[in-house]
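I opened this model to go through its ligand site, its surface and its salt bridges. My entries follow the structure.

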Amino acid sequence: MSTIKNDLALFNELVEVLIKEEKINPVAERIDSSELYETIDLSLNDGAMIDDDFKTLLSDVLIATPKTATNLFFNQLFGGRQSKAILGDLLAVMLNNSMYTYKVAGPQVGIEQEIIRQSCDLIGYGKNSNGTFPTGGSMSNYMGLIMGRDAKDPSCRLNGMTKPLIIYTSKECHYSNSKNASFAGIGRNNIRYIKADSKGRMIPELLEAQILEDIENGGVPTYVNATAGTTVLGAFDPIDKIADITEKYKIWLHVDGAYCGSVIFSEKYKHLVKGVERSNSFSYNAHKMLGTPLTCSIILVNDKKHLHASFSNDASYLYQTDGDDFNLGKTSFQCGRRNDALKFWTLWKSIGTNGLKQIVEQQFKLADVALAYIRKNPDYTLYSFDDSISICFNYKNIDPMALCTALYEHQETVVGFGSFEEDTFVRLVTINANNGKEDILNFFKVLEAFVEKNPNLEKVAAFTV
Ligand SMILES: *Cc1c(COP(=O)(O)O)cnc(C)c1O
């Protein structure tokens, strides 16, 4: 047997271990970070570690690693496992293409382009649209910002910043916006954070007022980031109303749909991004709502000339055959680029667009289960709203930070907390479409039983209801 066959057999054996372990211990036993290096042998040495020792160590590492695919993981904006996507990702590893040229990636280029084409059609972008697969949602936002910057001031590409460019986003936006402003040379102080309404959505009137004020002061309004699914509340900014403003003042509109942009696959929930076809760029993470392995982020651009204008560069050592439409390196940030498209394509191909729709709708069904449970139980206070898969609540006035940390330290369930305005609360994310109603109800059972057993959990002063 060749080495690769041996290693793939070992892989299968280890996957068996992992899947068995996930059933017995859906929350991995926590190793305190201060004891990590004493607990597992992670050291690299001059000598080789072989065979049985190697296998045992790998198995120990798997068992100790936090489990993100089980029915007790609700901490992040991803979870669960779509097996057809895993198949695609494993094949991408075996093929090990780089997506920059047709010469090296062949049909994988077509696979990526087909996903982009279909996605553009779904959101109503026209025939000049295109896109690419950046390394994640933060990078998608960064690429959107760079295109917006270059569209407003093309000389930026050659001379650097010469104008006082200003960008806009809501207070509830993802933190990549502030990092990206500094990377792009715009500067963190030149972001205007527009207040959100009581449901966490950007207030368009305040956006316009701020733009007018900046123009009066000699600023150059350049870019607006609207969010489709804010990181804490899962709120959707009103894209149509924001587009009225960006069109009026000729400002680039980027829609950050990293979290919930995948609602475009559901007729029922698509209305949440109404007006998205009027944006200049739109991004979504298939590794969030659609459940592909990390990372799988897509940015779509209404007019592909902006992708070329900001990201292409001649390189005769690289681009030696085929046209620009097949040499995807001309529209990407990086040079060598991992194949993130194949895993999404194997999933999409095997379950169809209807299957993707069901994945998305299942998450809203689970959210409804959680909402209904919380609403009929007076021990809970609800902080979130309809049409969101982030269910935010507090239980019996227990400090949510203390509660989440205790649940994690006792291996009960993994869930995080968030804040909006004055309130801090537990945030249950119903993004794992492998879960059913019973898994959501079980989460509450686990939480309540834990509180029952631990009456000394810290309380906070009465919450505002
Ligand atoms: C997750 C998220 C991002 C960042 O995506 P990464 O792939 O983690 O970089 C950006 N915006 C929003 C709204 C998100 O939820």
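The entries below take the ligand, then a surface patch, then the salt bridges.

I am working on a predicted model, where local features need pLDDT of at least 70, side-chain atom pairs count only at pLDDT 80 or more, and totals for chains, interfaces and linings use all residues. Residues are numbered from 1 along each chain as its sequence is written, and side-chain values use heavy atoms, with hydrogens and water left out.

**Ligand shell.** I take helices (H or I, at least four residues) and strands (E, at least two) as DSSP runs numbered from the N terminus.

Ser 138 places a polar side-chain atom 2.8 Å from a ligand oxygen. For Lys 288 the distance from a polar side-chain atom to an oxygen atom of the ligand is also 2.8 Å. Asp 256 has a polar side-chain atom 2.6 Å from a nitrogen atom of the ligand. Taken alone the ligand exposes 380 Å², and the protein buries 85% of that. Accessible areas come from the Shrake-Rupley method with a 1.4 Å probe; for residues, only the protein chains shown count as cover.

**Nonpolar patch.** Ile 4, Leu 8, Phe 11, Leu 90 and Met 94 make a nonpolar surface patch of about 440 Å². Patch residues have over 30% relative accessible area and no salt bridge; nonpolar side chains (Val, Leu, Ile, Met, Phe, Trp, Tyr) are joined within 5 Å, like charges within 9 Å. Helix 1 (3-24) and helix 4 (83-95) each supply at least two of its residues, and helix 1 gives the most, with three. I checked Leu 8, which sits in helix 1. Leu 8 is partly exposed at 39% relative accessible area. The classes are buried under 20%, exposed over 50% and partly exposed in between (1.4 Å probe, protein chains only).

**Salt bridges.** I found 21 salt bridges in the structure, each a side-chain nitrogen of Lys or Arg within 4 Å of a carboxyl oxygen of Asp or Glu.

- Arg 81 pairs with Glu 22, the closest N and O atoms being 2.7 Å apart. Arg 81 is in the loop between helix 3 (51-64) and helix 4, and Glu 22 is in helix 1, 59 residues apart. Arg 81 is partly exposed at 33%, whereas Glu 22 is buried at 12%.
- Asp 214 pairs with Arg 192 at 3.1 Å between the closest N and O atoms. Asp 214 lies in helix 10 (residues 204-216) and Arg 192 in strand 3 (residues 191-194), so the pair ties together parts 22 residues apart in sequence. Asp 214 is buried, at 4%.
- Asp 240 pairs with Lys 274, the closest N and O atoms being 2.9 Å apart. Asp 240 is partly exposed at 22%, and Lys 274 is exposed at 55%.

I also noted a network of salt bridges that links Asp 240, Asp 244, Glu 247, Lys 274 and Arg 278.

How values were computed
Polar contact = N/O pair within 3.5 Å; in protein donor to acceptor, adjacent residues only side chain to side chain.
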